[in-house]
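Dear colleague,

I am passing the structure below on to you, with notes on what turned up when I went through it. Please read the notes with the coordinates open beside them.

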Amino acid sequence: MKVAGGSMAPTWVGRHGEVRCQHCLSSLRIVTAMMPPKGQAYVCPFCGGEVTSPGVADRSGDVVAVHHPRGNDHLWQRGDLVAVRRNGIPRLKRLVALPGDVLALDGLRLTVNGRAAGDHFDAPLIVVNQDWLSDSEAEGPSSEGRPFSWWQPSDSQGRPDGGWTRQDSAWIAARSRDDAMPFWLVYRHRNVFHSLREDSIRDNYPGNVSLVRPLYEVDRLVLTANVQAHPNSGAATDLSTSPSASGDIEVYFWTTNGIVMHRRPLPHEMSAMRFHSRDAVSVSADRNAEIPVTQKRPVAITAPQGTIVAGLLLERPVDYRLRRIDATGAFPLRLGEDQFFVLGDNVPVSVDSRKWGPIRRDDLIGWIPATAEPTAAGR
């Protein structure tokens with residue numbers, strides 16, 4: 001099937017233009033319906049720089065291979081990427097609820113059997129910030145939209161300090177955690193639509209550049225980084241070691257339910273590590289004063305002296321929710337034995353079960369393996 005439109009972005013997109021920000025060099029796929037007129041400027045969703053629209057959608061949509069279920073040989077699962085038929089038209093969506101599941105609302109967030117819909121599977125990730133800063137870049141916001149690091153060495157009160165240094169586009173822990181207080185590398189989020197002022201993270205979709213809508217605060221984050229212990233450090237410690245152990249890296253997240261934390265042993269070779277706030281453990285409230293995370297500074301890292309941290313990538317999982325225009329009266333809703341609930345990954349624009357209601361088993365054409373890579377039409 002050839003993808004049409006942007007209802008499944010960022011997973012797949014239809015006919016689109018690929019735009020590159022001249023300030024931060026980030027690439028952005030914008031579907032035809034969202035492409036601003038040629039020459040019109042819009043804000044880069046990653047660095048706040050001004051980008052000029054090419055005004056053309058010169059790339060074909062993704063093409064995906066749909067596997068047709070023969071009889072009952074496919075066990076449908078939450079999170080499946082599926083092709084469905086609605087009013088005779090085939091569409092691509094994500095399966096979020098199965099027969100017997102109970103759908104309800106937490107505010108406007110959709111829950112399935114009491115948990116957020118996206119927590120039942122690995123929801124696709126949307127980039128919030130990538131640490132582009134090189135040694136030659138200036139510190140602090142740039143009026144020209146030039147990228148700068150949104151990470152800052154801080155003390156426990158969030159004030160700037162010299163606990164981490166920048167070298168060859170990587171951060172290095174400059175002081176030992178054996179000191180009286182840990183030294184932190186803290187992420188300070190900037191609002192690209194409001195002069196890069198410090199603000200909480202919201203559910204912006206980078207490709208929806210022409211859409212005006214309310215943005216909701218985000219409370220789930222994923223941090224990925226390349227990490228290495230100091231070359232002269234001893235063997236990495238076990239996960240059971242104390243919080244002050246010299247061989248661990250600690251990552252703290254602010255969430256609506258309190259501060260949570262990951263502690264992992266440091267690798268001796270540079271290795272990619274991923275930290276998901278959903279899987280972190282809660283931190284006791286009496287420690288809150290010593291951890292410099294807040295709603296506007298939602299991530300902090302501390303590690304032993306000499307630890308190298310590079311390629312910091314902060315993302316957020318797609319949050320499946322209703323929009324203000326969607327009817328809420330049908331919830332809570334228990335699906336019948338032949339009913340499924342499907343949504344598009346581009347939650348603000350997708351037309352799906354929020355409008356149609358549940359679909360029937362006969363509406364399911366087939367599924368697309370999550371590991372399958374789409375191809376551009378014509379290749």
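**The cavities**

Strand S9 (109-112) and strand S24 (308-317) each contribute at least two residues to the lining of the largest cavity. Please bear in mind throughout that this is a predicted model. The volume of the largest cavity is about 140 Å³, and of the 17 residues that line it, those closest to its centre are Asp119, Arg220, Pro317, Val318 and Asp319. Sorted by class, the lining of the largest cavity comprises eight nonpolar, two polar and seven charged residues.

The residues that line the second largest cavity include Val19, Arg20, Cys21, Tyr42, Cys44 and Phe46, and by class its lining has eight nonpolar residues, one polar and one charged.

Turning to the open spaces, the largest pocket has a volume of about 540 Å³. The largest pocket is lined by 26 residues, and Val192, Phe193, Asn204, Tyr205 and Leu215 are the ones that lie nearest its centre. The elements that give two or more residues to this lining are strand S3 (41-43), strand S11 (125-130) and strand S16 (190-191), and the lining of the largest pocket divides into 16 nonpolar, six polar and four charged residues.

The second largest pocket holds about 460 Å³ of space, and of the 23 residues that line it, the closest to its centre are Ala9, Pro10, Thr11, Arg29 and Leu125. Two or more residues of the lining of the second largest pocket come from each of S2 and S11, with S2 giving the most, namely five residues. By class, the lining of the second largest pocket has 15 nonpolar, six polar and two charged residues.

Ala9 and Pro10, which are among the residues closest to the centre of the second largest pocket, are joined by a cis peptide bond with omega of about 10 degrees; Pro10 sits in the segment before strand S1 (16-20). A cis peptide bond also joins Phe331 and Pro332, where omega is about 0 degrees, and Pro332 is found in the loop between S24 and strand S25 (333-334).

With a relative accessibility of 69%, Asn87 counts as exposed.

**Salt bridges**

Side chains of opposite charge can pair when their charged atoms come close, and the structure holds 24 salt bridges. In one of these, the side chains of Arg94 and Asp345 meet at 2.8 Å, N to O. Arg94 lies in strand S7 and Asp345 in the loop between strand S26 (339-343) and helix H1 (353-356), so this pair ties together parts that are 251 residues apart in sequence. Both Arg94 and Asp345 are buried.

The side chains of Arg354 and Asp352 form a salt bridge at 2.9 Å, N to O; Arg354 counts as buried at 10% relative accessibility, and Asp352 counts as buried at 0%. Salt bridges with shared partners also join Arg109, Asp119, Asp219, Arg220, Asp319 and Arg321 into one network, and of these Asp119, Arg220 and Asp319 are among the residues closest to the centre of the largest cavity.

The side chains of Asp279 and Arg278 meet in a salt bridge at 3.3 Å, N to O, where Asp279 is partly exposed with a relative accessible area of 48% and Arg278 is partly exposed with 29%.

Lastly, six strands form an open sheet in the order S12-S15-S23-S19-S20-S22, with antiparallel pairing. Its edge strands are strand S12 (151-154) and strand S22 (281-282), each of which pairs on one side only. Within the sheet, strand S19 (residues 248-255) and strand S23 (residues 299-302) pair in the antiparallel sense over four bridges, and the bridge partner of Val251 in S23 is Ile301.

With best wishes

Terms used: Residues numbered from 1 in each chain as written. Predicted model: local features only at pLDDT ≥ 70, side-chain atom pairs only at ≥ 80, totals over all residues. Heavy atoms only, no water. Pairing = 2+ DSSP bridges. 1 Å grid on protein atoms, 1.4 Å probe; cavity = no way out; pocket = protein on both sides within 12 Å on 5 of 7 lines; lining within 4 Å. Points joined across faces, edges and corners; volume = space filled by probe spheres on them. Nonpolar A, V, L, I, M, F, W, Y, C, P; charged D, E, K, R; others polar. Buried < 20%, exposed > 50% of the residue type's maximum accessible area, 1.4 Å probe, protein only. Salt bridge = Lys/Arg side-chain N within 4 Å of Asp/Glu carboxyl O.
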